[in-house]
Amino acid sequence: MDFKSMKNYIYWLYCQFELITCSYLMEPWEKLLFYTFNVIMLVMVLYTAYIFVPVHISTAFQFFLHLFGSQHENTVSIVK
């Protein structure tokens with residue numbers, strides 16, 4: 001794929017995005033606010049997923065290990 005067709009394809013995707021969101025009807029300052037809000041929300045969702053999804057997966061994994069009887073032994077034993 002050459003550079004010109006890639007550029008045209010990206011422009012086509014951008015036009016489709018504007019048609020779907022109706023942002024082609026907005027004034028430039030409204031587009032700036034709209035796109036800024038959307039980018040900020042996307043970054044926050046990605047950050048939240050990056051931080052919390054591994055924790056939830058680890059917790060679910062530990063739960064299912066405990067549920068199926070594969071418990072970890074305590075590394076500290078109490079000697080009387």
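Me: Which residues do ring pairs link into a cluster?
Reply: Phe-17, Phe-34 and Tyr-35. Rings of Phe, Tyr and Trp (its six-membered ring) pair if their centres lie within 6.5 Å; planes under 30 degrees apart are stacked, over 60 edge-to-face, the rest tilted. This is a predicted model, where local features need pLDDT of at least 70, side-chain atom pairs count only at pLDDT 80 or more, and totals for chains, interfaces and linings use all residues. Residues are numbered from 1 along each chain as its sequence is written, and side-chain values use heavy atoms, without hydrogens and water.

Me: How many aromatic pairs does the structure hold?
Reply: Five. In one of them, the Phe-17 and Tyr-35 ring centres are 5.9 Å apart with planes at 35 degrees, so that pair is tilted. Phe-17 sits in α1 (residues 3-21) and Tyr-35 in α2 (residues 28-67), 18 residues apart. Helices are DSSP runs (H or I, at least four residues), numbered from the N terminus.

Me: OK, α2 now. Where is the kink?
Reply: At Phe-52, about 30 degrees, shortly before Pro-54. The bend is the angle between axes fitted to the seven residues ending there and the seven starting there.

Me: What follows α2?
Reply: Gly-69, with a positive phi near 90 degrees.

Definitions and conventions: Helix = DSSP H or I, 4+ residues; strand = E, 2+ residues; numbered from the N terminus.
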